[in-house]
Amino acid sequence: MNIELLQLPRNQYIPYLGIVLCLFLAAVTWGQFAGIDIWRHDYIGYLPNYASKLATEGRWINYLFFDTLKSLPPNLLICIKVVSIACFFYIVATNYTGSKSTGLVCSLALLQSPSIVAESLWPGVSSLCYVFLALIALFYKERFFHWWFIAASILSWGTFAYCYFFMPFLLLSDQSVRENKRKLFLRLLFWMVYFVLGYAVSQVATYAILGKFIVLAPWRNALYSTSFDNAAVNFHKIVDYMKSFLTVLLDHAPLFSFLASLFLLYKLKNRKGFLLNCVSLIIACSVFCFTALSGVNLSWRSLLPFWSGLVFLLVLKEQVNGNEKAIITALLSLYAFSFFPVNSNNIRWYKTTTAMYRETIARQLPVPPEGVSKIVVHGDTSSLFCDEKSFNQRMGLVPQYIGTLMTPSRIVPAFRKLGYFAPVHFPGKTEQTVRIEREHWYDLFAVASNGSGVVTVVFPEMAK
């Protein structure tokens, strides 16, 4: 039997094995989302309107498409996002490395990045932006650079601003830009300028729709770098973020970190490669710009540009040869394999915890949805994390870099899933302690009704 694949040199098998492995891991990871039916508390499908998000985040395109995004099934929105991310990275990685198989392995491996699962628990927020990115990568032409980057900035700010940080990958994928240092530098400079332009358009659009400009929500803890002291505080915050992200890499992918560092040293022997690696580093660090300028907290779900820039820095190189292709494929496969167990654990933890929320409410609340006029949630975030940590240990599913579920506001989706759409109020810890008798303190909270349409939810530190 004459099979062409069997006649290839031995190291040519590795890209195909890498594709199969990464495809399998991606299918298992994202297939687990099919069992999730409760999402984060401010998932677009739970919002009555998008005005508050527009006022605090400036996502005016999501505002205009709110009804459409809300009507689409969450898993469809996640599928659209994942496919769009994979298409974008396949295009840019293929053009950068000159290898379709390497581009495919890269696109599949990046679907295991530590932040992507956390981001996907908010279906619809970034779906449109990733579709825009994939289309831009597909039709991008260097001679229309300014138009593409201006459009990307405007579209990103109108949907999910962090997506704009992916745009320099298109510069790496263009050979004419890679070979011209001056052009590359100017393109990066315009990339930064157009970022500000997109923000200005978002401010104008928000004012045109709401009659007021964007004001960051208080929970973002903004501290604008308008003084040296504020800038120093924000700089230290960025250093702490960087340490925590690299710790995650070393803790969960130590072998990948070591081997990829050796490969990076090999790449740095080429002066031209050094410049291109600097571009990848700039992409990775670009996620910190919001913290540097305004001191806002950096969420795990916003870190895909960081991880993708880091992977390009450590692993990918321009126009790979046969042996390099095999090494890069092995490294990318190792990256995906290293983070796969943690991502799977996070998804199982989220499914288990949200299911427990729903079952607890259904068991403890005999009042039908039509008999409830108000839901009052008593609890304080500051003392809930220890309770959740203990619960997670009993479940044997301790989450990593995905955030906490045990905060008062995040119980709301479980009520909505059960058909309770009454207004929810959060009086906080200053409210008089509510007494609810419970037999089983294994539950994370108690639910009771006063018989007049008011439902009370009490977290442990509020129940005496």
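A residue is called buried when its relative accessible area is under 20%, exposed when over 50% and partly exposed in between, as judged with a 1.4 Å probe and the protein chains only.

**View 1. The whole chain in overview.** By that cut-off, 54% of the 464 residues of the protein count as buried. This is a predicted model, in which local features need pLDDT of at least 70 and side-chain atom pairs count only at pLDDT 80 or more, while totals for chains, interfaces and linings use all residues. Residues are numbered from 1 along each chain as its sequence is written, and side-chain values use heavy atoms, with hydrogens and water left out. The secondary structure comes to 20 helices and four strands, where helices (H or I, at least four residues) and strands (E, at least two) are DSSP runs numbered from the N terminus. Among contacts (heavy atoms within 4.5 Å) between residues at least 6 apart in sequence, 79% join residues at least 24 apart.

**View 2. The aromatic pair Phe288 and Phe306.** Rings of Phe, Tyr and Trp (its six-membered ring) are said to pair if their centres lie within 6.5 Å, and planes under 30 degrees apart count as stacked, over 60 as edge-to-face and the rest as tilted. By this rule the protein has 42 aromatic pairs. In one of them, the ring centres of Phe288 and Phe306 are 6.1 Å apart and the planes stand at 75°, so the pair is edge-to-face. It links distant parts of the chain, because Phe288 lies in the loop between α15 (271–285) and α16 (289–294) whereas Phe306 belongs to helix α17 (residues 304–314), 18 residues apart. Both Phe288 and Phe306 are buried.

**View 3. The aromatic pair Tyr335 and Phe339.** Here the ring centres are 5.3 Å apart and the planes meet at 65°, so Tyr335 and Phe339 also form an edge-to-face pair. Tyr335 and Phe339 are four residues apart in helix α18 (residues 322–364), and are therefore separated by about one helical turn. Tyr335 is buried at 1% relative accessibility, and Phe339 is buried with a relative accessible area of 0%.

View 4. The loop between α17 and α18 holds Gln319, whose phi is near 45°, a positive value in a residue other than glycine. Gln319 counts as partly exposed, at 42% relative accessibility.

**View 5. Charges placed over aromatic rings.** A charge sits over a ring if NZ of Lys or CZ of Arg is within 6 Å of the ring centre and within 35 degrees of the ring normal. Arg187 lies over the face of Phe145, 4.3 Å from the ring centre, while the charged end of Arg301 sits over the ring of Trp122, at 4.1 Å from its centre.

**View 6. An aromatic cluster.** One aromatic cluster is formed by Trp157, Phe160, Tyr162, Tyr164, Phe165, Trp191, Phe195, Tyr199 and Phe290.
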